[in-house]
Amino acid sequence: MTPEEKAAFSELQNTVAKQAEWIKQQQALLSMPCPDWAKEAYRYYKPYIADETGSYDFWRQLVIQYRKEKGIKVVSDLD
């Protein structure tokens, strides 16, 4: 290999490694255990949930539904 080819190959390896790490992070977000901020909602809906893992969006929506059902209003400190 020429020095230019070696440099291009090394750059390609770095790019592939970064992409593999990103994919790993995305997969972790698709099947994560209940985060601490969703525990209260999880306990409330647990009889209706078949799996103890879910995506980040699942846990987020579960908390939103719980707050809606319980009439919990969230107030921002930015207001």
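Rings of Phe, Tyr and Trp (its six-membered ring) are paired if their centres lie within 6.5 Å; planes under 30 degrees apart count as stacked, over 60 as edge-to-face and the rest as tilted. By this criterion, Tyr 42, Phe 58 and Trp 59 form one aromatic cluster. The model is predicted, so local features need pLDDT of at least 70 and side-chain atom pairs count only at pLDDT 80 or more, whereas totals for chains, interfaces and linings use all residues. Residues are numbered from 1 along each chain as its sequence is written, and side-chain values use heavy atoms, with hydrogens and water left out.

The search of the whole structure returned six aromatic pairs. In one of them, the ring centres of Tyr 42 and Trp 59 are 5.7 Å apart and the planes stand at 75°, so the pair is edge-to-face. Tyr 42 belongs to helix H2 and Trp 59 to helix H3, 17 residues apart, and the pair links distant parts of the chain. Helices here are DSSP runs (H or I, at least four residues), numbered from the N terminus. Both Tyr 42 and Trp 59 are buried. Buried denotes under 20% relative accessible area, exposed over 50%, and partly exposed in between (1.4 Å probe, protein chains only).

Tyr 45 and Tyr 66 also form an edge-to-face pair, at 6.4 Å centre to centre and 80° between the planes. Tyr 45 lies in helix H2 and Tyr 66 in helix H3, so this pair ties together parts 21 residues apart in sequence. Tyr 45 is buried, at 10% relative accessible area. Tyr 66 is buried, with a value of 10%.

Beyond its neighbours within four places in sequence, Tyr 42 is in contact (heavy atoms within 4.5 Å) with Cys 34, Ile 49, Glu 52, Trp 59 and Leu 62.

The surface carries a nonpolar patch formed by Met 1, Phe 9, Leu 12 and Val 16, with about 420 Å² of accessible area together. Val 16 sits in helix H1 (residues 3-30). Its relative accessibility is 45%, so Val 16 counts as partly exposed.

How values were computed. Patches are made of residues with over 30% relative accessible area and no salt bridge: like charges are joined within 9 Å, nonpolar side chains (Val, Leu, Ile, Met, Phe, Trp, Tyr) within 5 Å. Accessible areas come from the Shrake-Rupley method with a 1.4 Å probe; for residues, only the protein chains shown count as cover. A salt bridge is a side-chain nitrogen of Lys or Arg within 4 Å of a carboxyl oxygen of Asp or Glu. Helices (H or I, at least four residues) and strands (E, at least two) are DSSP runs, numbered from the N terminus.
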